[in-house]
Amino acid sequence: MPLMQVDTRQALGRNNVAVLPRLASREDESYLDYVESLRSFVLDGMRFDQQLATRTGHLEDTSEPPEERLKKVREAAAEMPVAQARDRLMRSQQEMKWRRICSSLDARRDIHLERLKAAEGRGPARLELDPDFEQPQYANVHFHLQPDGYYKDPLAGFRYHYGTKVFFVGDNDKDQLHASLVENHLPLPADGRVERILDLACSVGQSTTALKQRFPAADVTGIDHSEPMLRCAHHRAVELGVDVRFSQRLVENTGFEDNRFDIVFSFILFHEIPMRIIRQTLAEVRRVLRPGGMFAVYDFMMAREMTPAQLYHRYFDSRNNGEPYGDDFCYAGFDSLLREFGYQQAAPGKRLGTTQAWYATLPAS
Amino acid sequence: MNNRHSAGPSGQTPEGGAPLAGNNPVYFKDPVQDAMMNMILELSAQLWVCVDRLYALEDLLARQGIVAAASLDGYKPDAERAAALKIRRERFTHDILRDLKSLTEGAAAATEPGGGGAG
Ligand SMILES: C[S@@+](CC[C@H](N)C(=O)[O-])C[C@H]1O[C@@H](n2cnc3c(N)ncnc32)[C@H](O)[C@@H]1O
C-alpha cells in the first residue's frame, strides 16, 4: 500500500540519484531492510479497518464529529488484541530503526562529519547559517522518536534522511515522492509567473532540489531552523549539482521582504508545530507571498474525513511516535484557518493517500 | 532501552499538545508480552541479517571461487538479485509473524461472514 498515492513515473524519468549515505556495513543495511519489510507487514498485513468499523457502527459515515467517533473507536479497539499487537509492532519497528541507523552512522561519525565539512562553501548550492540562531522551545521534541531530535546532533540530517527512507518503505528511495509532488501535484499561479520559490521547513532539501529541477530559471530557497538538516541539505544539493539556497530561518518569522515569493511550498510541516505557530506562519506566508501567488500545503488529512482505523492510528501516532501537535492540526480544520487568514482556494484540494493537498492564493489587495 | 530514544527530551511536550509516551511503553496487559514481542522481532531481524549474509556469501563463492572475508561488507546485489532478495525477505517476515496474522480480519473472515477483504 503506497503511503501517498502519487504517480511517480514522470518524476522518475528525471533519473534523479538519491544521495543517501551508505551505512557502515552490509549487515546494518540488511537489518534496516528487514525493518522496512516489518513496517510493510504492519501497514498492509495488520489491518483491522473492517473490524473496527463494524464494532463502532461507522464505516463510511463520517457525519458524527471526529472527537465523538474517536471515543467510540478507542473503546472498541481496547477490546481488540490485534490493535494492541499492531501498536506494539509499530512502536518496535520505529525503535529498531533508530537504534540501528544511529549506531551505524556513529560508527563512521568522523567520515560523515568530514563529508559535511567538505561540502562547506561548495556550489552550486548555497548555505546560510545564522550563528546567533536560537531554537524555539516548542521545537524541542524528538519527532518520530528520532534520537536527539532534529537539531541536537550534527548528523541529524543523515539520521532523518535514512529514517524517512525506511518510513516510505522503498517508495522514496530515489526521492520520487518529493519529485512527484512537485512535478504532478503543484499547480502554477494563475498568471504563470514563477521567479522565486520558498520551500518551508525543507529538512534535507528533497523538495527544494525538485522545485529547482521543475523551474530551472527560478530562484529557489529552502528554510529550516535546524542547522544539521540544512548542512545535510546543502551537501546533498552540492552532490546533485543543483543551484538552490538553504537558509536557517523560522517559518513563522522568515525575515524576507513583503510579496517576495510566487510559490510557497510546504510538505508535512504544519502538523509538527503548535497551533500558535501555525497561526503565525499563516500570517507570515500571507506577507511574503505575492498576490496571486501559489501557497501549496501537503499535510495530514483532516480528522473529520478519517475512517475509524485512521482516527485510531492518528491517536496512536501522536502519542507513541512523537507527534504531540498532530492532533491539534488534524482536528482544527485547516480550510477554515486558511480562510480566516484571507486565503482563497486557488485549485481544488487533492487527497494523495492519507496526505491532503491544499492550494491557496491571495487576492490582489 | 537507552533513554536517548525517548519520545521527547523529558517525555513531556514543551508546548501543549498530546502527552507523549515515555521510554518502554507497554501495549499488552502484561509487560512481559511486550518484551517477548520485542525479543521475537529482534531475533527475526538478526536471523534475517544472517540469511542475507549467507546469500551474499553464496553469491561471492560462486562468482569468485574464493571467499575474501573483507569482501562481504562491500557486497551489493545487482538489481535482479536485489529483487529476488526482497521477495524472500517479505516471505521470511510473513512466516515469522504468521501468528499475528491470525488476529487480523483476514482470519476472522472465515468465521465472520462479510468481514475481511480490506487488503
Ligand atoms: C517533517 S519535517 C518536514 C519535511 C520536509 N519538508 C521534507 O520534505 O522532508 C519538519 C521540519 O520542519 C523543521 N521545522 C519545524 N518547525 C520549524 C520552524 N518553526 N521553522 C523552521 N523550520 C521548522 C524541522 O527542523 C524539520 O526539518
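**Figure 1. Polar contact between D173(A) and K165(A) in the predicted model.** In this predicted model, the side chains of D173(A) and K165(A) form a polar contact at 3.2 Å. D173(A) sits in the loop that joins α7 (156–167) to α8 (176–184) of chain A. The relative accessibility of D173(A) is 32%, so the residue counts as partly exposed; the limits for that class are 20% and 50%. Another residue of chain A, L105(A), is 68 residues away from D173(A) along the chain, and the two C-alpha atoms are 18 Å apart.

**Figure 2. The ligand and the residues around it.** The shell around the ligand has 19 residues, of which Y138(A), H178(A), A201(A), S203(A) and D224(A) come nearest. By residue class, the shell divides into 10 nonpolar, 5 polar and 4 charged residues.

- Y138(A): a side-chain N or O atom is 2.7 Å from a nitrogen atom of the ligand.
- D224(A): a side-chain N or O atom is 2.5 Å from an oxygen atom of the ligand.
- E252(A): a side-chain N or O atom is 2.9 Å from a nitrogen atom of the ligand.

On its own the ligand has 600 Å² of accessible area, and the protein covers 99% of that area.

**Figure 3. A201(A) and S203(A) in the loop between β2 and α9 of chain A.** A201(A) is found in the loop between β2 (196–200) and α9 (206–214) of chain A, and S203(A) is found in the loop between β2 and α9 as well. Both residues are among those that come nearest to the ligand. A201(A) is not a glycine, yet its phi is positive, about 55°. S203(A) likewise has a positive phi, near 50°, in a residue other than glycine.

Figure 4. S226(A) lies in the loop between β3 (219–224) and α10 of chain A. Its relative accessible area is 0%, and S226(A) is therefore buried.

**Figure 5. Helix α10 of chain A.** Helix α10 of chain A covers residues 227–240, which is 14 residues. The buried residues of α10(A) are P228(A), M229(A), L230(A), C232(A), A233(A), H234(A), H235(A), R236(A), A237(A) and V238(A).

**Figure 6. Cysteines of chain A.** How many disulfides are there over all chains? The count is 0. C102(A) takes part in no disulfide, and the cysteine sulfur nearest to it, that of C232(A), is 13 Å away; a disulfide would require the two sulfur atoms to be within 2.5 Å. C102(A) has 3% relative accessibility and so counts as buried. C330(A) has a relative accessible area of 2%, so C330(A) is buried too. C232(A) is one of the buried residues of α10(A).

**Figure 7. Backbone at G57(A) and P124(A).** Helix α3 of chain A comprises residues 49–56, and its buried residues are D49(A), Q51(A), L52(A), A53(A) and T56(A). G57(A) follows α3(A) and has a positive phi, near 70°. At another site, the peptide bond from G123(A) to P124(A) is cis, and its omega is near 5°. P124(A) belongs to the loop between α6 (109–119) and β1 (126–128) of chain A.

**Figure 8. Chain B.** The secondary structure of chain B consists of 4 helices and 0 strands. Read from the N terminus on, its elements run α-α-α-α. Chain B has 119 residues, and 31% of them count as buried.

Conventions. Residues are numbered from 1 along each chain as its sequence is written. Chains are lettered from A and ligands numbered from 1 in the order in which they are written. This is a predicted model: local features need pLDDT of at least 70, side-chain atom pairs count only at pLDDT 80 or more; totals for chains, interfaces and linings use all residues. Side-chain values use heavy atoms; hydrogens and water are left out. Buried means under 20% relative accessible area, exposed over 50%, partly exposed in between (1.4 Å probe, protein chains only). A residue is near a molecule or strand if one of its heavy atoms lies within 4 Å of it. A polar contact is a pair of N or O atoms within 3.5 Å; within protein, one must be able to donate a hydrogen and the other to accept it, and residues adjacent in sequence count only if both atoms are side-chain atoms. Accessible areas come from the Shrake-Rupley method with a 1.4 Å probe; for residues, only the protein chains shown count as cover. Ala, Val, Leu, Ile, Met, Phe, Trp, Tyr, Cys and Pro count as nonpolar, Asp, Glu, Lys and Arg as charged, and the others, Gly among them, as polar. Helices (H or I, at least four residues) and strands (E, at least two) are DSSP runs, numbered from the N terminus. The expected span of a helix is 1.5 Å times one less than its number of residues.
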